[in-house]
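Open the model in your viewer and keep the selection panel at hand. The stops below go from one selection to the next.

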Number of protein chains: 2
Amino acid sequence: MFESAEIGHSIDKETYDAEVPALREALLEAQFELKQQARFPVIVLINGIEGAGKGETVKLLNEWMDPRLIEVRTFDQQTDEELARPPAWRYWRALPAKGRMGVFFGNWYSQMLQGRVHGHFKDAVLDQAISGAERLEQMLCDEGALIFKFWFHLSKKQMKARLKALKDDPVHRWRISPLDWQQSETYDRFVRFGERVIRRTSREYAPWHIIEGFDPHYRSLAVGKLLLEGLQNALKAKTLKEPTPIAPLGASIDDRSLLESLDLSVHLDKNDYQEQLLTEQARLAGLLRDKRMKHHSLVAVFEGNDAAGKGGAIRRVAAALDPRQYNIVPIAAPTEEERAHPYLWRFWRHLPAFGKFTIFDRSWYGRVLVERVEGFCSQADWMRAYGEINDFEEQISNAGVVVVKFWLAIDQQTQLERFQERENIPFKRFKITEEDWRNRDKWDLYAQAVGDMVDRTSTEIAAWTLVEANDKRWARVKVLRTINEALEAAFRKHKK
Amino acid sequence: MFESAEIGHSIDKETYDAEVPALREALLEAQFELKQQARFPVIVLINGIEGAGKGETVKLLNEWMDPRLIEVRTFDQQTDEELARPPAWRYWRALPAKGRMGVFFGNWYSQMLQGRVHGHFKDAVLDQAISGAERLEQMLCDEGALIFKFWFHLSKKQMKARLKALKDDPVHRWRISPLDWQQSETYDRFVRFGERVIRRTSREYAPWHIIEGFDPHYRSLAVGKLLLEGLQNALKAKTLKEPTPIAPLGASIDDRSLLESLDLSVHLDKNDYQEQLLTEQARLAGLLRDKRMKHHSLVAVFEGNDAAGKGGAIRRVAAALDPRQYNIVPIAAPTEEERAHPYLWRFWRHLPAFGKFTIFDRSWYGRVLVERVEGFCSQADWMRAYGEINDFEEQISNAGVVVVKFWLAIDQQTQLERFQERENIPFKRFKITEEDWRNRDKWDLYAQAVGDMVDRTSTEIAAWTLVEANDKRWARVKVLRTINEALEAAFRKHKK
């Protein structure tokens with residue numbers, strides 16, 4: 001895998017000096033076009049052997065190109081705000097917006113390689129990390145990102161020669177870093193595991209480029225040209241991906257559906273309600289004060305038919321708690337900054353720190369519900385969203401986030417009555433809009449979308465709870481009880 | 001000052017139960033209107049005696065109102081990301097957007113009071129903090145924010161009675177917090193310094209409301225009604241403030257101006273340039289590696305005539321450094337989220353952590369330059385910006401940020417030549433737009449604005465450096481040298 005990068009590639013100074021000016025101009029042009037189109041972000045991952053010119057090359061790119069459009073990010077020590085959230089949070093918060101370029105040093109690959117090289121874990125865990133990286137990059141590319149992955153290489157001989165030369169040079173000796181010495185010990189392991197990572201994660205949409213790093217002219221020109229070609233290609237393409245024909249999901253063939261199989265006649269009388277509500281609220285308050293919450297956070301997702309009582313249920317949950325413990329995030333149309341990032345970015349940015357609780361009033365499921373039904377995104381987009389969402393929930397769940405998801409279901413008659421009531425009560429009138437009436441006409445389409453959503457995203461990790469919500473009391477108690485049970489289950493599994 | 005809040009205010013249950021429903025409806029209506037108008041944010045500061053119902057009241061407000069539009073923030077322990085930036089950064093990042101309500105527990109007042117009560121500093125420092133709070137609130141209100149400041153009060157007798165009652169109650173004993181015990185020791189000092197703070201910071205645009213906290217019915221109704229009235233008033237007002245007639249700044253009466261007094265003929269020949277540039281770049285690289293940078297960060301602001309060579313100067317600065325050390329923030333039109341916050345928010349969010357360097361390519365001075373000249377903001381807005389900017393720079397400078405500001409000046413003939421050159425060179429053509437030509441027609445207006453800007457914001461803390469930029473070489477070296485001198489001066493002053 002590294003053979004071609006150990007043959008002593010080099011470019012003489014004359015050739016280099018002759019080629020650079022045109023390359024620079026072309027890169028500047030491409031960068032400007034990137035900014036003008038603002039259609040996709042560029043992510044450049046920098047990995048490889050210490051001393052192979054990673055830092056120098058990034059510095060040079062900043063000189064050649066317009067550094068105002070480049071964001072260089074390092075990921076060393078995690079800050080305490082990062083430690084309190086799932087591992088990928090730090091990468092999500094650093095993603096460049098459309099039209100800009102982000103250079104990631106010390107990215108997900110460095111983390112997994114360091115861990116494996118130093119024996120913090122075995123191959124199985126490395127492979128998990130590799131799959132995680134693949135899913136992340138696949139998603140980023142599906143969202144339009146252009147990814148370059150560079151591995152700067154030195155053969156063992158080149159590495160040793162470089163270290164020796166530096167050591168003997170009193171002026172440049174200081175440039176040998178602790179990482180250099182470390183790598184001279186671990187070179188073989190680093191290259192072996194590096195190969196495993198590269199082999200598994202080189203994909204047509206985000207291939208690795210292995211660059212022999214010994215000769216600065218060679219590596220600079222090689223990287224510059226790869227960047228230029230990739231950029232020009234992507235800028236020329238009308239859309240970033242050819243739409244592939246997708247088979248429809250298929251409707252129910254016996255006219256039975258999950259939602260219709262719910263028994264919406266269940267209800268609670270007022271006394272039972274009062275008693276159970278208070279019990280469950282007290283239980284939730286206690287659970288959130290439990291010291292095991294230090295290693296967990298809680299995310300509750302509320303989806304449901306219009307007028308199904310999401311707001312009321314959320315208020316009963318909130319009422320149990322100190323307002324300093326929770327945060328409610330209402331999801332409406334995305335802001336300009338949110339639209340300039342991958343779909344899930346706006347949810348990642350609101351993930352709670354450990355010990356905290358975030359309630360999403362509507363959520364990332366918008367893509368497979370309203371966006372699907374109203375045609376706000378392509379079929380390919382919402383079809384791949386199922387997998388992306390499962391992956392997202394698995395990631396955050398693995399990091400200790402307890403995920404609870406509710407679909408509040410009512411029947412059409414109940415919805416009609418509530419709409420009419422809302423129109424007649426002054427302080428409720430703002431809860432009903434033209435759009436609500438329009439959505440009602442698409443009842444069956446939404447029912448189909450909900451069925452598919454539950455079939456595809458109700459998982460052991462983050463199950464959907466269908467809530468019979470014709471009776472608000474029943475619904476509110478069920479919501480609270482479900483949250484409590486999920487927290488208790490998480491605490492039981494917790495073995496620290 | 002607290003007399004009225006120690007007389008045993010109370011509301012009986014019947015009155016309370018009778019009044020609450022209408023109050024709730026009205027609050028919900030107002031909140032909805034707030035969201036619809038999305039014209040200003042609401043900031044609620046919660047302070048006062050422990051046990052006087054601060055937490056309970058906020059909880060109740062979240063029950064009465066729509067908690068999805070309320071963000072409750074606490075400011076306890078600073079995170080390490082906060083510790084690496086000026087103290088106010090944590091408040092800026094938590095500011096609610098227009099149309100939303102932010103409830104701040106443990107805000108700037110709690111910090112200053114705790115510090116003074118526990119003797120971490122004396123009155124002089126308290127008074128500095130008070131002035132800082134005043135300036136912050138004045139700015140927020142000028143930007144449209146509606147601020148409520150509540151002080152929940154208990155007389156010493158009431159506080160002791162409450163503690164005794166709780167202590168004797170086996171069921172509720174756990175509700176006594178360490179803060180309660182602490183306060184029973186420090187009550188007198190806390191109230192004394194509290195009075196000083198309230199007295200100085202109660203202003204017509206952000207008055208304090210002192211609420212006797214012993215009776216829950218009284219305090220809840222009192223707070224609810226104050227909020228409602230304040231909200232309704234602000235929602236009714238067409239604009240939040242009456243525009244007051246403002247005297248113009250006055251133009252030069254002898255036709256001499258600061259910019260014209262610059263000697264634009266200064267220049268460097270190629271050899272001197274090469275030598276001096278390399279020297280200054282090496283010096284900057286060394287300074288940023290200095291261990292004293294741990295307690296400092298560096299902010300460089302680049303403003304100047306169009307085509308004065310800002311980009312080129314920035315690149316020469318960047319070229320000295322490892323791209324991981326700096327960040328370049330190009331300032332163009334604000335995003336939607338930025339427009340929903342006070343003017344300076346978009347700059348606060350990009351402040352570097354200690355050890356880092358942020359280059360602003362155009363900056364917060366946009367308000368007194370392009371926004372003033374083009375009429376994008378009112379005269380009152382840009383007039384007050386001078387003071388706000390001085391305050392901002394003083395705050396960040398006090399926290400260890402080294403601020404360097406450049407105006408790159410060229411004459412009209414040089415600008416014309418550069419415009420023409422840009423139009424003729426393919427990879428430079430994107431640097432010139434119709435707008436640049438239009439701005440040129442306003443040369444004198446901009447010159448006047450620059451003169452006023454320098455006169456009003458060139459301070460001992462953050463001086464303007466006027467850079468003669470007809471000769472690019474001269475300009476680049478002067479920029480680098482000025483940054484280096486500023487860093488060295490900061491290091492010399494540093495006494496840790």
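**Tour of the domain interface**

Start with the interface of domain 1 and domain 2 of chain A: 12 residue pairs across it are in polar contact, both residues at pLDDT 80 or more. A polar contact is a pair of N or O atoms within 3.5 Å; within protein, one must be able to donate a hydrogen and the other to accept it, and residues adjacent in sequence count only if both atoms are side-chain atoms.

This is a predicted model, in which local features need pLDDT of at least 70 and side-chain atom pairs count only at pLDDT 80 or more, while totals for chains, interfaces and linings use all residues. Residues are numbered from 1 along each chain as its sequence is written, chains are lettered from A and ligands numbered from 1 in the order in which they are written, and side-chain values use heavy atoms, without hydrogens and water.

Next, select helix H4 (89-92) and helix H6 (123-142) of chain A; each supplies at least two residues of the domain 1 side that touches domain 2. Helices are DSSP runs (H or I, at least four residues), numbered from the N terminus. H6(A) gives the most to that side, with four residues.

Now colour the domain 1 side by class: 12 residues are nonpolar, none polar and six charged. Here Ala, Val, Leu, Ile, Met, Phe, Trp, Tyr, Cys and Pro count as nonpolar, Asp, Glu, Lys and Arg as charged, and the others, Gly among them, as polar.

Finally, select A:Glu143 and A:Arg384, a salt bridge with its closest N and O atoms 3.4 Å apart (side-chain nitrogen of Lys or Arg within 4 Å of a carboxyl oxygen of Asp or Glu). The count between the two domains is three salt bridges.
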